[in-house]
Number of protein chains: 2
Amino acid sequence: MTTLQQLNNFELDKVHRKINEEYNKFKAMGIQFNMARGKPAPEQLALAEQLLNLPGSGNYMASDGADCRNYGGERGLPEARELMSALVGAPPENTLVEGNSSLALMHDYLVFSLLRGNSDSLLPWSQEEKIRFLCPVPGYDYHFNMTEEYGIEMCPVSLDADGPDMDQVEELVAEDSSIKGMWCVPKYSNPTGTIYSDSVIKRLASMTTAAPDFRLFWDNAYAVHHLTEKRITIANILDACESAGHPNRALVFASTSKVTFPGGGIAAFASSTDNLQWFLEKIGKRSIVPDRINQLRHMALLPDEQALHALMDAHRQIIDPKFEAVHAAFDRWLTDPTVANWTRPKGGYFISLHTPKGCARRAVELAEKAGVTMTPAGAAFPYGNDPEDSHLRIAPTFLSMEEIEQAAEGIALSIRLAVSEKARTKNNLCYPITTPE
Amino acid sequence: MTTLQQLNNFELDKVHRKINEEYNKFKAMGIQFNMARGKPAPEQLALAEQLLNLPGSGNYMASDGADCRNYGGERGLPEARELMSALVGAPPENTLVEGNSSLALMHDYLVFSLLRGNSDSLLPWSQEEKIRFLCPVPGYDYHFNMTEEYGIEMCPVSLDADGPDMDQVEELVAEDSSIKGMWCVPKYSNPTGTIYSDSVIKRLASMTTAAPDFRLFWDNAYAVHHLTEKRITIANILDACESAGHPNRALVFASTSKVTFPGGGIAAFASSTDNLQWFLEKIGKRSIVPDRINQLRHMALLPDEQALHALMDAHRQIIDPKFEAVHAAFDRWLTDPTVANWTRPKGGYFISLHTPKGCARRAVELAEKAGVTMTPAGAAFPYGNDPEDSHLRIAPTFLSMEEIEQAAEGIALSIRLAVSEKARTKNNLCYPITTPE
């Protein structure tokens, strides 16, 4: 195959005219789709429909006899801690079920550390001259927004096929005591689908850190969100940290936001007994009791891990074909490796795509003009700044099959056109072609 | 009536023996009741039983057509904001419905202010050399615990019959720019039942504060929690602040914790457009979306203000007789004004009682020994320190009628005994009497 980069000016111009024509045809359809966020589709939400009637009249007792309608039980229900322990990889006694948002639990751990210091800190983090967090990139924009909000300097590190570049990470944390934390989405990473290898996890657990109060913010958001029949498991970070003599290092978070209902779900935090004790003491000042009725509701829907996996299988059957539809459109238009490279994730909610340098923002702009709202280019980088302007995040789940087939076509054409525009500029093809206004 | 203070040693001794005998009889019954917290009773929780089946299959749409099962709508449902606006006294557009805990909303406003400063701050509060909060006493222990947690110095001010001592308050805030906030439970105050007068509210709204970013944390926890048929209303603090040219001063909080289920309810925050915008921008970094299904659930149970008041009437009919049972026991044993003075609140969850100096801790200890766990003495004061050791908080709601009648008797006897012990010490009656071990 001749790649775009190998074309002469005449050929490039011909290709460009053709793709421009296809793009304009697509644009003329006047569709209007929003793919900015990784949202479950209505048919996925319908899988948890029963929650709308649960726990049911008279069902307000936890397995330990507690009345979940009243104050009490700040660790969450024993049975909910048991269920969620499967997502966080900790025994129930080291699992806390609290609130509806794992992001909020990360936030609260962070602000408590800023204002008070964590259990290994010499000073509250906000009283240190400077603090920094390692950010594997591309990563999750909400992690980065929160970090930026509190003036924590973000240090991007490369995310390789098996996880963060550990040579880079080990060197940074060993030398720089201002590095207090690191964001990790260890499985089916947002947005790259990366699965951290056992070796990476072991190195993260055992590396020497200059800061005694360094923490891994281990966001296991996609623990059970498989896109293949194989339920991939990764090494247990809490066990690895414990074995390496750093029992307080890892903070593991998960939620049912993409299991049942975003916002209407339950969230969990697992860590060492010390960390948990410290955290409980702090959140006990913030609020008196979690919503335990919603935990009961979830237990009625998902009484055990088997029920959880069955529900996730049903999710997979809905969303996997949507990922395939995106791959099919990309296979049609983007197989030229000088135009695009994208991931075929085994789980999670996103496809990650790289264009040549300087094409991502333009591709998003072209897609927007053609009626497809994508995640803003750069969103997966600290400060929204992709230095290469080459990364795109695609969220296939929310749209219907028919819509995603159309949208993926539009995205593929927008990318193809952006790249060919760039190639023309590089080759100084300055005569005009009807471009979209 | 001869008061305890007027008795001679012989008479005092005789009274003491009698009360000691009554107390020991009570103690011998071997009861075991916990009255430490203001918890609703199971029959109150049953009033919201329907919530366990709501919103019901197929009901997931908000009035604006939003799918509440998915991401979106960070301000809360329009209809929930309308309902809660009745509790916070703001138009729906200035009311935010978010989470299950008003305490958590206060906490989050506080930590955002500490880490970033509020919309009128020159510096983040945590970067100021010292900051202080005014604390009307007796007050709510969770307010004080949170303030202490973040190293904010607490400045007690007297709570009079019509609200905080405004001469004291005005002088302090005018002079001291380190005073950044003030805790207020303006109606049926925890634990005194105080109702702030129009004049106090006007002075709070219009007073000159040295700190430009001073805030009233206006915890309207008992907005609709009446104990009489009269639904007492107080002046609107948001309007008063707006009129006085301090639109950002008041932060109003409320929740349904004692309307439906503690933990399983919904919470609201109302303030100026500026404050709300600032707060939304911050909480948007903490979590993505509130639990809107639980808001739908509440709207199905409480479609309008009338339904809310009907529910609160049903609560009143359950708890008012329990307050009366406490008054009856206290009337039997404590009418001597040199022994105790207590409140007869028109709403809220507590009775507040003052003993002579130095008797409160002993009364709680005696009650505990007789099987009745009370709120720890001093809990209603900053740092748990009641300088007079004279204040007790009584929480009549949780126990059944039969239990509260017994418990109130035990508390009355414990108080009576503690006071008479103290009087004997003062009078140097050193010969022993069989005292409880």
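Where in chain A does Tyr383(A) lie? Tyr383(A) sits in the loop between strand S12 (372–374) and strand S13 (391–394) of chain A. The backbone there is marked by a positive phi of about 60 degrees, although Tyr383(A) is not a glycine. Tyr383(A) counts as partly exposed, at 43% relative accessibility. These values, like those below, come from a predicted model.

Tyr188(A) is not a glycine, and its phi is positive, near 50 degrees. Tyr188(A) is found in the loop between S6 and H7 of chain A. Its relative accessible area is 1%. Tyr188(A) is therefore buried, since buried means under 20% relative accessible area. Tyr383(A), by contrast, is partly exposed.

The loop between S6 and helix H7 (198–206) of chain A also holds Pro191(A). The peptide bond from Asn190(A) to Pro191(A) is cis, with omega near 5 degrees. Chain B supplies a further cis peptide bond, joining Val137(B) and Pro138(B). Omega is about -5 degrees in that case. Pro138(B) has its place in the loop between strand S3 (132–137) and helix H5 (141–149) of chain B.

The arrangement of the two chains comes next. Chain B is superposed on chain A by a rotation of 180 degrees, with 0.0 Å of shift along the axis. The RMSD of this superposition is 0.0 Å. The two copies are thus related as by a two-fold rotation axis. Both copies use the same surface: 100% of the contact residues of chain B recur in chain A. Which residue of chain B comes closest to the rotation axis? It is Asn53(B), whose C-alpha lies at 2.2 Å.

The contact between the chains takes 59 residues from chain B and 59 residues from chain A. About 4800 Å² of area is buried between chain B and chain A. Carbon and sulfur atoms give 54% of that area. Charged pairs also link the chains: nine salt bridges are counted between chain B and chain A. A salt bridge joins the side chains of Glu149(B) and Lys285(A), at 2.9 Å from N to O.

The largest nonpolar core has 118 residues. Which of its residues touch the most other members? They are Leu204(A), Ile237(A), Leu204(B) and Ile237(B). Residues up to four places away in sequence aside, Leu204(A) touches Met166(A), Val169(A), Met182(A), Tyr196(A), Leu216(A), Trp218(A) and Arg249(A). Another core, of 70 residues, lies apart from the largest one. Among its residues are Ala267(A) and Ile283(A), together with Leu105(B) and Trp125(B).

Leu134(A) stands opposite Met182(A) in S6(A). Met182(A) is also one of the residues touched by Leu204(A).

A further open sheet, of three strands, is found in chain B. The order is S10-S11-S13, and the pairing is antiparallel. Strand S10 (341–342) and strand S13 (391–394) of chain B are the edge strands, pairing on one side only. Two bridges join S10(B) to strand S11 (residues 351–354) of chain B, and these strands run antiparallel. Trp342(B) stands opposite Leu353(B) in S11(B).

The loop between S10 and S11 of chain B contains Gly348(B). Is Gly348(B) buried or exposed? Gly348(B) has a relative accessible area of 1% and so is buried. Beyond its neighbours within four places in sequence, Gly348(B) is in contact with Tyr188(B), Tyr222(B), His225(B), Leu227(B), Ile319(B) and Phe323(B). Gly348(B) and Lys258(B) are 90 residues apart in sequence, yet their C-alpha atoms are 9.6 Å apart in space.

Technical notes: Residues are numbered from 1 along each chain as its sequence is written. Chains are lettered from A and ligands numbered from 1 in the order in which they are written. This is a predicted model: local features need pLDDT of at least 70, side-chain atom pairs count only at pLDDT 80 or more; totals for chains, interfaces and linings use all residues. Side-chain values use heavy atoms; hydrogens and water are left out. Copies are superposed by least squares on the C-alpha atoms of residues with pLDDT of at least 70 in both. Contact means heavy atoms within 4.5 Å. A nonpolar core is a set of buried Ala, Val, Leu, Ile, Met, Phe, Trp, Tyr and Cys residues joined through side-chain atoms within 4.5 Å. Buried means under 20% relative accessible area, exposed over 50%, partly exposed in between (1.4 Å probe, protein chains only). Two strands pair if DSSP finds at least two bridges between them. Helices (H or I, at least four residues) and strands (E, at least two) are DSSP runs, numbered from the N terminus. Buried area is the accessible area (1.4 Å probe) that two parts lose on being put together, summed over both. A salt bridge is a side-chain nitrogen of Lys or Arg within 4 Å of a carboxyl oxygen of Asp or Glu.
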